[in-house]
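Please examine the structure below before reading the briefing. The briefing is arranged by topic.

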Amino acid sequence: MSGRTEGGAVECCRLPLALLPAALLPTPAFAHASDRGHVLLLPTGYYLVGGAFAVAVSFLALALLPADWLDRFWRRRLPLFAFSDRARIAISLISFAGFAILIVAGLFGSRDPLSNPLPLVVWTLLWAGVTLLQGVFGDLWSWLNPWCGPWRLASRLLGTSDEGFWRLPRWLGFWPSVILFFAFAWFELIDPAPDDPARLALAAGVYWLFTFAAMLAFGYRSWSRSGEFLTIFFSMVARFAPVERDEKGRLGLCWPGAKLLAAEPLPPSGIAFLLLALSSVSFDGLSKTFFWLGLFGINPLEFPGRTAVIGSGTFGLVLTFLLLAAVFLLAVTLGQRLAGSDQPLGQAAGLLVWSIVPIALAYHVAHYLTALLVDGQYAMAALSDPFALGWNLFGTADMQVEAGIVAGAESAWWLWNAQAGAIISGHVLAVLVAHGFAWRLHPQPARAALNQFPLTLLMIAYTVFGLWLLATPTVG
């Protein structure tokens with residue numbers, strides 16, 4: 001969460017992602033306890049070369065493997081047990097009650113974002129933690145979200161159908177969620193003080209009310225699939241998880257990413273959504289580097305604060321998205337031409353963009369690792385005393401936060417290796433997923449390999465870029 005403060009130390013392995021809407025009135029920014037830095041003195045060049053080599057070798061190996069072997073690999077399942085939906089509404093209502101308490105704590109509790117549970121829950125437990133859980137255990141958010149239960153009760157009281165009062169035009173696609181996701185990204189990455197509890201409470205409360213009204217108007221399912229960006233993002237991440245649940249509620253295990261290959265092509269708005277998810281985390285890291293700040297004449301050792309870089313930050317957030325979209329579409333276009341395909345570009349791009357999911361998840365894990373380790377401890381303490389009244393509800397209010405877990409040479413070594421390993425593994429899995437879609441587009445081995453080749457080059461370049469972001473000095 002260091003990226004949301006006015007100033008900070010020089011650090012090297014901290015990069016966040018994107019979350020909450022609405023630019024509100026300016027307030028002071030707050031420093032974060034996890035804003036401690038260290039200069040990484042590791043042979044990063046070897047990691048850059050090794051990461052690029054691992055992605056390249058995975059592409060070559062896949063190109064040589066028989067198609068039927070890969071098909072059997074993806075189709076393997078291990079059945080587990082059935083799981084009922086009966087508790088979904090109750091869990092959602094409990095989640096809503098917890099959310100309401102957090103909003104009250106944000107408005108009337110401590111102004112210190114390390115003592116107030118709202119910023120810690122939103123930025124650390126929700127955005128960092130739930131995303132990781134979604135990628136491992138599947139779609140938990142469909143149970144945890146604070147809208148399902150209240151919407152069900154309200155729709156029964158009002159006598160409305162599941163479809164709501166109006167229908168969303170089909171041409172809207174994911175565009176409402178793209179706009180809202182960009183607003184959230186701007187709020188977290190550009191706004192001067194998204195950690196301010198009262199400011200965050202107002203933004204989160206307004207977003208909940210807006211989403212609830214949209215669900216009543218257009219139907220819970222319709223708005224969840226088109227406008228509620230958290231649900232859309234989490235459901236896309238859940239497709240990567242090795243845990244799956246069928247229509248009858250039976251759980252099973254599959255290979256990570258196997259569920260992605262069953263996805264249908266995304267429309268242009270869905271492509272934009274996934275590319276925005278990746279570009280926002282990429283810019284989050286880039287915006288703190290000495291390189292980026294130097295482009296605007298800012299001395300990173302005398303960082304003037306986020307209010308001084310609102311214009312350049314907004315420009316960079318948009319530019320990063322446009323560049324990634326242009327490069328991705330160029331790679332897909334070149335792949336289609338190399339394969340001699342006459343299929344529409346939209347169909348190919350709509351399928352191959354699903355290979356972005358493992359990369360986006362890997363960046364998320366790498367960039368939020370230190371926040372989870374340190375700010376997660378602060379969250380446990382704050383939740384025991386949400387209103388700063390001396391309570392100790394869960395026996396954790398007086399726990400000692402061990403910030404040293406991310407400081408020192410030994411910590412730098414294992415943190416770097418964990419983060420670098422996540423990024424490299426994510427890109428290798430993305431190549432594996434992209435290869436499956438290339439086979440779906442072109443059943444012939446040579447054409448599938450040619451189709452995937454430009455996209456693999458892009459993934460190799462992005463691997464190097466991601467490792468460079470982890471290693472290069474940044475401001476807090």
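The points that follow describe a predicted model and cover a helix pair, a sheet and a pocket.

**Helix 7 and helix 11**

- The axes of helix 7 (residues 175–189) and helix 11 (residues 268–286) come within 9 Å and cross at roughly 10°.
- Angles under 35 degrees count as roughly parallel, and helix 7 is therefore roughly parallel to helix 11.
- Among the residues of helix 7 at this contact are W175, F181, F182 and L189, while those of helix 11 include P268, F273, L276 and D284.
- By class, the contact of helix 7 with helix 11 has 11 nonpolar, 3 polar and 1 charged residues.

- An open sheet is formed by 3 strands in the order 1-3-2, with antiparallel pairing.
- Strand 1 (78–82) and strand 2 (243–245) are at the edges with a single partner strand each, so one side of each has no neighbour in the sheet.
- From one strand to the next, the twist averages 25°.
- Strand 1 pairs with strand 3 (residues 250–253) in the antiparallel sense over 3 bridges, and A82 stands opposite R250 in strand 3.

**The second largest pocket**

- The second largest pocket holds about 650 Å³ of space.
- Its lining consists of 26 residues, of which S95, G98, F99, L102 and V121 lie nearest the centre of the pocket.
- Helix 3 (88–108), helix 4 (117–137), helix 5 (141–144) and helix 8 (197–218) are the elements that give two or more residues to this lining.
- Helix 4 gives the most, with 7 residues.
- The lining of the second largest pocket divides into 24 nonpolar, 2 polar and no charged residues.

How values were computed. Residues are numbered from 1 along each chain as its sequence is written. This is a predicted model: local features need pLDDT of at least 70, side-chain atom pairs count only at pLDDT 80 or more; totals for chains, interfaces and linings use all residues. Side-chain values use heavy atoms; hydrogens and water are left out. Axes are lines fitted to C-alpha atoms, for helices over the stretch in contact, and angles run from 0 to 180 degrees between N-to-C directions. Helices (H or I, at least four residues) and strands (E, at least two) are DSSP runs, numbered from the N terminus. Angles under 35 degrees count as roughly parallel, over 145 as roughly antiparallel, 65 to 115 as roughly perpendicular and the rest as oblique. Contact means heavy atoms within 4.5 Å. Ala, Val, Leu, Ile, Met, Phe, Trp, Tyr, Cys and Pro count as nonpolar, Asp, Glu, Lys and Arg as charged, and the others, Gly among them, as polar. Two strands pair if DSSP finds at least two bridges between them. On a 1 Å grid over the protein atoms alone, a cavity is a set of points where a 1.4 Å probe fits but cannot get out, and a pocket is an open set with protein on both sides within 12 Å along at least five of seven lines; lining residues have an atom within 4 Å of a point. Grid points are joined across faces, edges and corners, and a volume is the space filled by probe spheres set on the points.
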